Amino acid sequence: MQEAVLVVDGRGRIVDFNPAARKIFPALSAPGIFLHDIAPADLMEKWTDSSSEFELFWNEKCYYHVRISSVVDQKARLLGKTVVFNDVTERVLLAEKLQRLAIAQRPVCFDNQFVSVTASFGVAAVCGHGAL
């Protein structure tokens with residue numbers, strides 16, 4: 001999926017966006033909508049005067065890496081911000097699955113041998129010898 005990009009002015013009004021942003025924010029029909037009217041509360045809580053990056057879990061199904069950057073004029077006066085959303089749901093869910101698998105297959109010492117124990121198969125295999 002393409003990154004979703006919003007351009008927000010100094011008052012928090014969305015002045016431009018790309019088509020991918022409309023997929024994340026269905027209520028985004030035209031420029032002029034205030035970001036706080038369509039964005040999740042988590043995003044607004046992490047909104048700062050400076051640039052920032054963070055992970056955002058939204059709609060109980062999507063994870064986004066959010067990058068907020070300041071837009072300034074030639075005299076370094078803040079004009080607004082760009083907000084870029086990168087869908088990282090697949091990566092986060094895969095990492096969670098790998099973590100669950102790692103926990104489920106921890107080696108343990110049984111009768112002076114290390115064995116791998118899985119949640120679904122019990123004692124799966126003798127991995128080696130040794131003592132704790």
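1. A residue counts as buried when its relative accessible area is under 20%, as exposed when that area is over 50%, and as partly exposed in between, with a 1.4 Å probe and protein chains only. This is a predicted model, in which local features need pLDDT of at least 70 and side-chain atom pairs count only at pLDDT 80 or more, whereas totals for chains, interfaces and linings use all residues. Residues are numbered from 1 along each chain as its sequence is written, and side-chain values use heavy atoms, with hydrogens and water left out.

2. Helices (H or I, at least four residues) and strands (E, at least two) are taken as DSSP runs and numbered from the N terminus, and two strands are treated as paired if DSSP finds at least two bridges between them. Strands β1 (residues 4–9) and β2 (residues 14–17) run antiparallel and are joined by three bridges, with Leu-6 standing opposite Phe-17 in β2. Four residues lie between the two strands of this hairpin, and Gly-12 takes a positive phi near 90 degrees there.

3. On charged pairs, a salt bridge is a side-chain nitrogen of Lys or Arg within 4 Å of a carboxyl oxygen of Asp or Glu, and by this rule the count comes to three salt bridges. One of them pairs Asp-9 with Arg-13, whose closest N and O atoms are 3.0 Å apart. Asp-9 is buried because its relative accessible area is 16%, while Arg-13, at 28% relative accessibility, counts as partly exposed.

4. Arg-67 forms a salt bridge with Glu-3, and here the closest N and O atoms are 3.8 Å apart. This pair links distant parts of the chain, since Arg-67 is in strand β4 and Glu-3 in the segment before β1, 64 residues apart. Arg-67 has a relative accessible area of 29% and is therefore partly exposed; Glu-3, at 30% relative accessibility, also counts as partly exposed.

5. Asp-73 forms a salt bridge with Arg-77, the closest N and O atoms lying 2.7 Å apart. Arg-77 has a relative accessibility of 49%, so the residue counts as partly exposed.

6. The aromatic side chains deserve a separate point. A pair of aromatic rings is described by the distance of the centres and the angle of the planes. Rings of Phe, Tyr and Trp (its six-membered ring) pair if their centres lie within 6.5 Å, and planes under 30 degrees apart count as stacked, over 60 as edge-to-face and the rest as tilted. By this rule the count comes to two aromatic pairs. Phe-25 and Phe-85 form an edge-to-face pair, with 5.3 Å from centre to centre and 75 degrees between the planes. The pair links distant parts of the chain, with Phe-25 in the loop between α1 (19–24) and α2 (35–38) and Phe-85 in strand β5 (residues 78–87), 60 residues apart.

7. Tyr-64 and Phe-85 form an aromatic pair that is likewise edge-to-face, at 6.2 Å centre to centre and 90 degrees between the planes. Tyr-64 lies in strand β4 (residues 62–72) and Phe-85 in strand β5, so this pair ties together parts that are 21 residues apart in sequence. Phe-25 counts as buried because its relative accessibility is 2%, and its C-alpha is 7.7 Å from that of Ala-39, a residue 14 positions apart from Phe-25 in sequence.

8. At 4% relative accessibility, Lys-81 counts as buried. The side chains of Thr-89 and Asp-87 are joined by a polar contact of 2.6 Å; Thr-89 is found in helix α4 and is buried, with a relative accessible area of 10%.

Conventions:
Polar contact = N/O pair within 3.5 Å; in protein donor to acceptor, adjacent residues only side chain to side chain.
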